[in-house]
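Good morning, and thank you for making time for this.

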Amino acid sequence: MTRNILLFTCSFLIAAIPGFSQKKNALPPEFSIKKTETEAHMRFLASDELMGRRTGEQGNMVAARYIAEQFRKLGIGNVPGVFASPTDSYFQNVPFEKMGPNGTGEITIDAQILKSGQDWILMSGGAADLHAELVYAGYGLENQAKAWDDYKDLDVKGKIVLVQSGTPEVQTPSEIIAVSSEKRSIAIQKGAAGLIELFNAPVPWNMVNKYFTGEKISLGEESITSAQAFPHAWVNGKEANLTRTLRSAKQVGFKTSGRTRQLVSSYNVAGYIPGSDPKLKNEYILLTAHYDHVGTGKQGGQPFSPEDSIFNGARDNAFGTVALLTAAEAFARKPPKRSVLIIALTAEEVGLLGSRYYTAHPLLPLKNCIFNINSDGAGYNDTSIAAVMGLERTGARAEIEKACQAFGLGVFADPSPEQGLFDRSDNVNFAKEGIPAPTFTPGFREFNGDIMKHYHQVSDHPETIDFDYLLKFSQAFTYAARLIANRATAPQWTKGDKYEEASKRLYNK
């Protein structure tokens with residue numbers, strides 16, 4: 001009798017230990033990921049040897065290769081039907097044009113001279129010395145769906161076109177950047193000699209001047225053509241006198257030494273895991289994080305010293321990339337019901353370009369994607385939570401909260417709303433297509449000194465990372481993705497959300 005009681009008691013106590021016995025077998029693989037694994041990923045991706053992972057440079061290529069070889073080691077294939085064989089390549093080539101620093105020059109209207117690097121900056125184009133008629137063309141856009149054409153009844157051949165920045169609906173910095181190249185393309189197609197854009201986003205001009213006058217990377221063509229010599233300037237439209245002067249001008253001189261340019265490549269790194277459910281596997285959940293950062297020295301745009309000039313980007317965004325690799329390992333060991341497409345994105349830091357290129361050249365139909373979880377962040381000041389941009393908007397709050405709670409984390413929705421963070425990471429390019437797309441971010445409740453201490457600073461290296469928190473964050477990200485991928489029905493945008501209409505078009509609802 002005593003022996004039976006003892007055996008019963010021991011069995012009860014063993015079963016009660018978290019993660020032991022039958023419960024251990026029931027838990028998905030993300031629960032058994034080790035801190036040594038996530039720490040090793042972080043220490044490599046944010047190491048000095050990768051030189052800040054700047055898009056188009058060698059450190060960025062090494063990071064891409066590391067991610068691809070992790071996929072290969074885990075037995076993850078690439079996207080079926082896209083590459084030559086399941087393990088032939090994980091790389092989606094993204095072509096870029098790298099331009100040198102802003103050149104010298106001036107824009108003249110009668111006796112008034114606007115100086116390059118002060119009143120205006122050259123966004124693209126080679127050397128030019130133009131004197132031509134100035135034609136105002138609204139926002140410089142065409143939209144057939146809305147029967148809207150800013151060039152209607154305008155002859156701009158051989159003339160310089162003046163346009164407003166952004167669109168009639170949107171004047172956010174990301175939108176201005178996104179549509180600026182489109183305006184340039186339209187002006188070239190119309191036969192214009194040059195383009196001047198009145199920049200008027202709610203961003204201080206000195207910040208714009210600092211950020212865009214240095215080396216610049218944009219999505220490129222397969223070859224450099226004469227059209228790329230077309231001069232395109234941003235003028236400080238926040239200065240009312242400059243706007244008035246240009247709007248009233250009939251003739252303008254536009255002289256610039258131009259910006260050097262060359263073609264470079266970088267890569268989105270994609271791995272694909274088929275789902276376990278015969279029907280649901282035709283749909284997929286998309287997991288993303290950008291792996292690029294800002295480089296070294298002057299490229300970083302922040303103070304540095306001879307002793308430390310490398311912007312390692314541990315928080316932004318080796319942190320999110322580690323979460324992506326954690327998900328890759330867990331799903332390779334046990335796939336969810338729906339398929340999983342994992343994409344490490346390039347060129348986020350230079351304008352969300354890797355994700356923008358991907359949505360224009362998807363490896364799988366976007367309409368089959370039920371959800372995107374993006375991981376990105378500036379840093380953290382609260383290791384008890386994960387912050388989620390779009391938690392209340394994208395239809396998967398319950399799954400995200402459950403996943404975080406499983407690893408002892410709370411969830412804080414949309415911190416610092418004044419920053420407009422939902423629209424400032426790669427998720428927004430998928431949201432624009434209609435895919436519910438929150439960003440899963442290291443924990444913070446507001447931007448303060450703790451965040452800015454390391455954000456885009458040379459101090460953002462692995463030695464400053466809380467590796468216990470990195471593990472829990474990566475596990476919670478993965479488990480949330482699993483719970484969403486296993487849902488009976490796909491999440492939906494909150495009714496009335498600004499991206500709901502795009503969703504209806506994408507999913508034919």
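An open sheet of nine strands runs in the order 10-1-13-17-14-18-21-19-20, and its pairing is mixed. Strands here are DSSP runs of E with at least two residues, helices are runs of H or I with at least four, and both are numbered from the N terminus. Two strands pair if DSSP finds at least two bridges between them. The edges of this sheet are strand 10 (216-219) and strand 20 (410-413), each of which pairs on one side only. From one strand to the next, the twist averages 25°. Such angles run from 0 to 180 degrees between N-to-C directions, with axes fitted as lines to C-alpha atoms, for helices over the stretch in contact. Within the sheet, strand 19 (residues 385-389) pairs with strand 21 (residues 439-442) in the antiparallel sense, over four bridges. There, Val388 stands opposite Phe440 of strand 21.

Before going on, a word on the source. This is a predicted model, in which local features need pLDDT of at least 70 and side-chain atom pairs count only at pLDDT 80 or more, while totals for chains, interfaces and linings use all residues. Residues are numbered from 1 along each chain as its sequence is written, and side-chain values use heavy atoms, with hydrogens and water left out.

Strand 5 (residues 128-136) and strand 8 (residues 160-164) pair in the parallel sense over three bridges, and Tyr136 has Leu162 of strand 8 as its bridge partner.

Next, the backbone. Most residues other than glycine have a negative phi, and most peptide bonds are trans. A cis peptide bond, however, joins Asp316 and Asn317, with omega about 10°. Asn317 belongs to helix 8 (residues 314-333). Of the 20 residues in that helix, 18 are buried, buried meaning under 20% relative accessible area, exposed over 50%, and partly exposed in between (1.4 Å probe, protein chains only).

Is each of them buried or exposed? Asp110, in the loop between strand 2 (105-109) and strand 3, is exposed, with a relative accessible area of 78%. Leu352, in the loop between strand 17 (339-345) and helix 9 (353-360), is buried at 9%.

Finally, the cysteines. How many disulfides are there? Taking a disulfide as a pair of cysteine sulfur atoms within 2.5 Å, the count is zero. For Cys369, the nearest cysteine sulfur is that of Cys404, 20 Å away. Cys369 is buried, with a relative accessible area of 1%, and Cys404 is buried at 0%.
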